[in-house]
Amino acid sequence: MIEMPNGIAPDQCLIGGQWRPPAGGEYLDLLNPSDGSTLCAIARGTSADVDAAVDSAKAALNGDWGAATAVERGRILTKISQHVLKHVDLLATLEAQDVGKPLTQARNDAIALARYLEFYGGAADKVHGQTIPYMEGYTVYTLREPHGVTGHIVPWNYPMQIIGRSVGAALAMGNACVLKPAEEACLTALAFAEIARDAGLPDGALNVVSGLGAEAGAALSTHKDVHHISFTGSVGVGKLIQKAAAENIVPVTLELGGKSPQVVFADADLDAALPFLVNAGIQNAGQTCSASSRILVQDSLLDEVTTRMIEAYGALIAAPALEDKHVGPLVSHRQKAIVNSFLEQGADLTIAAQGVISDSAPDTGAYVAPTLFADVAPDHSLAQDEIFGPVGCIIGFDTDEEAVQIANDSRYGLAGCIETADAATGYAMALNI
Ligand code: NAD
């Protein structure tokens, strides 16, 4: 059973402030990865729904939403943020059921969504143009204007956080949004849209069309009246989105994942660092773009870190999301198969430690036991590819130069972390990694 705000049905699209069935009359099953059961049906939106959503966004820009001043937009976002905070438990439960994310982590995402909206609400009237001294007789200034209709294609791993920073920023600057959540997990996107509507966001300022990427997502990213696209997801789809944006000559914002290093220097305070070293890799079952899945450790500490990480990984429990243990299931059996294929690629390595899958986890769930590999060569595929699962790799290094070289030996470049007691080393490394 799922509970949506104001009892809305999750199998509808929000278009022009109205919840309505998909134009094609087709639906998709949304699965609970904790046990494989069907949570509910969702709309299988198509280009007809995307067209209607873009039209309603255009109408909003020509109506109340386009007429709202920056300060009014800021106040509305702040109010939505407060409404989100009132619904934290409901949002967290939906996210846990839909994504398989342990309840506490899902709750933190709902709080982060509220915080993004609060932040952008405050920023709405503080993004200013410039006056430019050009030549006598000229008055030259820049005026910051909204793009117009913005498209937001969101993945399943952190729907609430990504909606907060993408849709929140776009609304703050006066754009009207069309949001396409992921087909694997879209309940909090739908719930958020209802919360925002209820909090007074004008009709059409935010429209939501659920459905498949190749259908609703492609229709949105190629639409001629969408003037900015924001996408978070896989590299392959990111390339398609960038091509579509180039075709329409519109700006695009892409966030496509990473293989982030955590570099542990010999002087690191291990008691402080260890919980972070573990959590940054297994949070959301490792399905995190900034997951620190490469743990680089200076040789003199290598044995101690490895011993303590083995202990920590061995104590991890994967369990149904509502049981709120360290790790939930992966989002889907498809994602589990991807992670298992990486584990097979590690057959030439010895597994240093593995957590357990709780007896309470049904076989029909998409569970993978948290797994740690030690002594991994930096060029091994486990150390090079984004696994998007609860898999950590320890890699040794000797000198600072070697740490920089290994950390940067990646085709990704999203995030990184340095553990050292020496601020000078930390700053120097941060500049180089
Ligand atoms: P994906 O890129 O296929 O999906 C992300 C979003 O894009 C979803 O909303 C999807 O419906 C949409 N989409 C898919 N095809 C599209 C198309 N042709 N046009 C427009 N939109 C489209 O990601 P995935 O299949 O869910 O995950 C696969 C891999 O991607 C993961 O294993 C992981 O490595 C990576 N990933 C990264 C992030 C991140 O935070 N950077 C998030 C999710 C997935």
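These notes cover the nonpolar cores, the ligand site and the aromatic pairs of a predicted model.

1. The largest nonpolar core holds 73 residues, and the members touching the most others are Trp65, Ile80, Val84, Phe192, Leu201 and Leu206. Helix H7, residues 187-198, is the biggest contributor to this core, giving eight residues.

2. With its neighbours within four places in sequence set aside, Leu201 is in contact with Trp65, Ile76, Ile80, Leu171, Ala196 and Leu206. There is also a second, separate core of 45 residues, with Ile295, Val376, Leu382 and Ala403 among them.

3. The ligand is surrounded by 28 residues, of which Val154, Trp156, Lys180, Glu183 and Ser234 are the closest. For Lys180, a side-chain N or O atom is 2.7 Å from a ligand oxygen. Arg334 places a polar side-chain atom 2.9 Å from an oxygen atom of the ligand. Glu255 has a polar side-chain atom 3.5 Å from a ligand nitrogen. The ligand taken alone exposes 810 Å², and the protein buries 90% of that.

4. Four aromatic pairs are found in the whole structure. One of them joins Phe119 and Tyr120: the ring centres are 5.2 Å apart and the planes meet at 85 degrees, so the pair counts as edge-to-face. Phe119 is partly exposed, at 47% relative accessible area, whereas Tyr120 is buried, at 18%.

5. Tyr134 and Tyr138 form another pair, with centres 5.0 Å apart. Their planes are at 80 degrees, and edge-to-face requires over 60, so this pair is edge-to-face. Tyr134 and Tyr138 are both exposed.

Notes:
Residues numbered from 1 in each chain as written. Predicted model: local features only at pLDDT ≥ 70, side-chain atom pairs only at ≥ 80, totals over all residues. Heavy atoms only, no water. Core = buried A, V, L, I, M, F, W, Y, C linked by side-chain atoms within 4.5 Å. Buried < 20%, exposed > 50% of the residue type's maximum accessible area, 1.4 Å probe, protein only. Helix = DSSP H or I, 4+ residues; strand = E, 2+ residues; numbered from the N terminus. Contact = heavy atoms within 4.5 Å. Near = heavy atom within 4 Å. Polar contact = N/O pair within 3.5 Å; in protein donor to acceptor, adjacent residues only side chain to side chain. Areas by Shrake-Rupley, 256 points an atom, 1.4 Å probe, with all protein chains shown as cover. Phe/Tyr/Trp six-rings, centres within 6.5 Å; stacked < 30°, edge-to-face > 60°.
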